[in-house]
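Trainee: I would like to learn how to read a model like this one. Where do we begin?

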Amino acid sequence: MKYTYVTVPSGEKITLGNDGTLQVPDNPIIPYIEGDGTGIDIWKASVRVFDAAVGKAYGGSKKISWMEVYAGEKPFNRFRDEMGNKAWLPDETVLAFKEFMVGIKGPLTTPIGGGIRSLNVALRQMLDLYTCLRPIRYFQGVPTPVKKPEDVDMVIFRENCEDIYAGIEWMTGTAECDKVINFLINEMGVSKIRFPDSSSIGIKPISRCGSERLIRAAIQYALEHKRKSVTIVHKGNIMKFTEGAFKDWGYALAISEFREKVVTERESWIITNQDRNSELSIEENARMIDPGYDMMSPHQQDGIRTEVKAALQLLPTHGNGQLKKLLMIKDTIADITLQQVLTRAKEFDVVATMNLEGDFLSDALAAQVGGIGIAPGANINYVTGHAIFEATHGTAPKYANLDKVNPGSVILSGVMMLEYLGWQEAADIIVKTLDKTIGQKRVTYDFERMMQGATLLSCSGFADALIENM
């Protein structure tokens with residue numbers, strides 16, 4: 001298509017092949033948004049690192065053609081007279097990401113007052129980027145508040161379009177909110193709204209389709225990257241028909257679509273028990289996996305025995321230790337997860353969760369390895385191939401144009417983008433260079449103030465050091 005505000009550089013489009021895989025040319029056109037506040041400094045530093053790594057890896061045979069597109073304060077200040085509030089996120093920007101498939105962005109300001117409430121959320125929803133992908137790992141030497149940050153090596157698959165991000169809510173005192181409350185009380189028989197006259201109301205949709213595509217992507221990623229487990233994190237003990245269903249749909253999908261490649265945690269208990277003692281009865285095995293078995297109702301006991309019988313059917317393919325080679329599917333409650341990622345970090349690998357829990361968990365884990373300043377992120381639709389890689393931190397306007405802040409989040413998001421393109425060699429160069437540079441204690445102010453004997457670098461100076469170390 002023709003663009004009014006965007007200049008399309010020479011290069012080729014990324015496309016999706018008939019087999020569902022990305023077709024990446026040697027000179028792909030990649031849309032980028034430099035971002036607001038510190039985004040300008042960060043982008044200038046990061047793009048030099050990306051270009052240097054691609055040049056180093058491929059000797060000029062591959063090159064990214066960068067195409068600036070607009071969102072945030074920059075287009076609002078330039079185009080608001082002709083676009084109004086649409087200038088925060090011009091239509092051309094969304095169309096460019098759709099047409100060119102893969103893009104990257106810095107942090108964006110959330111508009112105050114009218115218009116789009118969050119540009120990041122708007123882009124995810126408009127492009128149906130249903131997976132928020134957040135890999136969390138430690139770089140040696142980064143100051144952190146925990147004793148063993150090196151134990152953290154997790155990949156978070158956070159659902160991006162449902163749950164609280166659907167934004168379905170009504171403010172107390174409005175006619176709409178009163179209508180919803182009256183419907184809940186008078187039509188649905190809801191009696192648990194303690195203060196109906198002063199309650200705002202929100203609705204969180206969790207769908208089977210949305211849950212399955214997110215968990216499917218997590219399992220496929222874990223298998224492709226030879227990870228050990230996928231943990232479904234939820235609050236299903238309280239919200240049984242939303243978060244509990246998310247868990248149940250996840251297990252059902254894992255078993256129906258990946259049966260030969262996965263084992264559930266409870267199946268592993270049953271099969272291991274039988275491997276250790278082939279003479280175990282169904283009931284004895286049931287008691288071993290559920291210590292409260294004898295206090296259950298007959299109906300509940302029958303359900304446990306049925307579960308044991310089903311698992312024992314897997315002995316030919318999963319027994320005799322064969323399950324150790326398979327991907328483990330398990331689940332855990334959200335609140336205990338936030339404790340166990342601190343106390344038992346090695347037990348978590350790939351995590352699949354909903355929006356709110358994923359938000360908390362991603363940032364908490366980032367703190368364990370040094371903060372969101374070096375935490376990458378991506379928003380991906382694995383079906384259409386569309387993806388936007390992004391900084392996970394805010395705009396920090398008080399540091400804007402000071403050439404001061406850490407560009408690590410965008411740089412590592414670029415690493416994820418290069419991996420997504422299949423340019424693993426360039427991605428590996430950046431990761432190794434980050435390890436080396438931080439190991440040399442050549443860092444920006446956020447790390448320098450917490451590291452003894454460190455050399456303070458500017459944002460651009462940190463990029464210079466990375467390039468020098470390639």
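Mentor: Begin with secondary structure. Helices (H or I, at least four residues) and strands (E, at least two) are DSSP runs, numbered from the N terminus. Here the protein has 17 helices and 17 strands.

Trainee: How compact is the protein for 470 residues?

Mentor: Take the radius of gyration over C-alpha atoms; the globule rule is 2.2 Å times the number of residues to the power 0.38. The protein has 25 Å, close to the 23 Å from the rule, so it is as compact as a globular protein of that length. Its C-alpha trace spans about 70 × 60 × 50 Å along the principal axes.

Trainee: What should I know about the source?

Mentor: This is a predicted model: local features need pLDDT of at least 70, side-chain atom pairs count only at pLDDT 80 or more, and totals for chains, interfaces and linings use all residues. Residues are numbered from 1 along each chain as its sequence is written, and side-chain values use heavy atoms, with hydrogens and water left out.

Trainee: Is Arg 158 buried or exposed?

Mentor: Buried means under 20% relative accessible area, exposed over 50%, partly exposed in between (1.4 Å probe, protein chains only). Arg 158 has 3%, so it is buried. Of the 470 residues, 52% count as buried. Arg 158 sits in strand 7 (residues 153-159).

Trainee: What does Arg 158 touch?

Mentor: Contact means heavy atoms within 4.5 Å. Leaving out residues up to four places away in sequence, Arg 158 touches Tyr 130, Leu 214 and Asp 359, among others. Its side chain also reaches the backbone oxygen of Asn 355 at 3.0 Å.

How values were computed. Polar contact = N/O pair within 3.5 Å; in protein donor to acceptor, adjacent residues only side chain to side chain.
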